[in-house]
Amino acid sequence: MKIIDTHVHMIARTTADYERMALMHTVACCEPAFWAGYDRTSAAAFHDYFTHITACEPKRAAKYLIQHYAWIGMNSKEAENVALAQEVIGIIPEFLGAENVLGIGEIGLNKNTRNELRVFELQLDLAAKHGQMLLFHTPHMDDKLKGTKMMLDAVRAHGGIRPERVCFDHVEEHTMGLVLDAGHWAAMTIYPVTKNSPARVVDCIERFGMERALVDTSGDWGPSDPTLLHQAIFEMRRRGYSDDTVETLVYDNPCRFLGQNPKFKLKPRS
Ligand SMILES: [Zn+2]
């Protein structure tokens with residue numbers, strides 16, 4: 001069985017994680033640009049970060065036969081500083097042509113502020129102008145539902161973005177239906193301590209189905225683990241799902257969403 005982790009911050013992981021992922025049949029991973037665990041002080045710091053995830057990380061991954069892809073964007077946690085955000089948005093186009101870049105992300109809302117929304121909308125414009133796909137971060141706090149609705153409204157109001165070229169990440173039971181109903185892809189992130197557990201993710205699949213659904217680990221610098229994806233696979237097997245069905249979720253679906261960008265090289269099995 002082949003596996004794709006559609007959201008994992010490998011810059012924060014050790015080489016041992018690449019090795020573990022490779023041994024557990026992960027063949028590709030996607031690294032969205034995000035917060036680094038601290039607020040950066042200049043656009044130059046973002047430039048270095050974007051260079052790292054487009055030039056350095058693919059080489060680390062290739063040593064473990066893993067294809068590494070990236071999304072470039074100004075994240076919501078640092079978007080309160082609109083002047084800095086605008087400067088960063090100015091350098092994004094420089095990276096969109098990179099061989100491993102699939103689109104603009106992960107962008108979205110964190111505390112649902114006016115400034116975050118402004119920076120989000122600027123990047124919707126940028127995506128439309130450059131014909132880019134989009135990966136969204138939805139808030140992790142109590143206001144996930146409110147933030148998700150604000151983002152859905154912004155995309156709808158924009159009018160220049162095709163819904164199937166957008167994935168909302170970190171969805172849960174109370175947001176997944178809204179996202180799918182709007183024609184977007186919905187990704188669930190599995191965490192080790194809080195938020196979505198492997199069992200909760202499989203419960204969601206049982207409730208909403210697998211069409212336009214993705215599962216990822218968002219492995220980063222905090223409590224997280226790239227092998228949680230494999231724990232969700234084990235949970236599905238334990239509940240009696242066939243390997244074929246599981247692979248549809250963890251391999252074919254990522255190929256279908258990501259493959260809308262011809263730079264993504266893997267193809268679904270059928
Ligand atoms: Zn992330």
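Two strands are said to pair if DSSP finds at least two bridges between them, where strands (E, at least two residues) and helices (H or I, at least four residues) are DSSP runs numbered from the N terminus. The model here is a predicted one, in which local features need pLDDT of at least 70 and side-chain atom pairs count only at pLDDT 80 or more, while totals for chains, interfaces and linings use all residues. Residues are numbered from 1 along each chain as its sequence is written.

Strand β7 (residues 185-189) joins β8 in the parallel sense over 4 bridges, and Ala 186 stands opposite Ala 213 in β8.

Next comes helix α9 (residues 243-258), whose 16 residues reach 22 Å from the first C-alpha to the last, close to the expected 22 Å, a span defined as 1.5 Å times one less than the number of residues. Among the buried residues of α9 are Leu 249, Tyr 251 and Phe 257, a residue being buried if 20 or more other C-beta atoms lie within 10 Å of its own, exposed if 12 or fewer, and partly exposed in between, with C-beta atoms placed from the backbone.

Elsewhere, in helix α5 (residues 144-158), lies Arg 156, which counts as exposed because it has 11 C-beta neighbours inside 10 Å. The C-alpha atoms of Arg 156 and Val 215 are separated by 24 Å, and these two residues are 59 residues apart along the chain.
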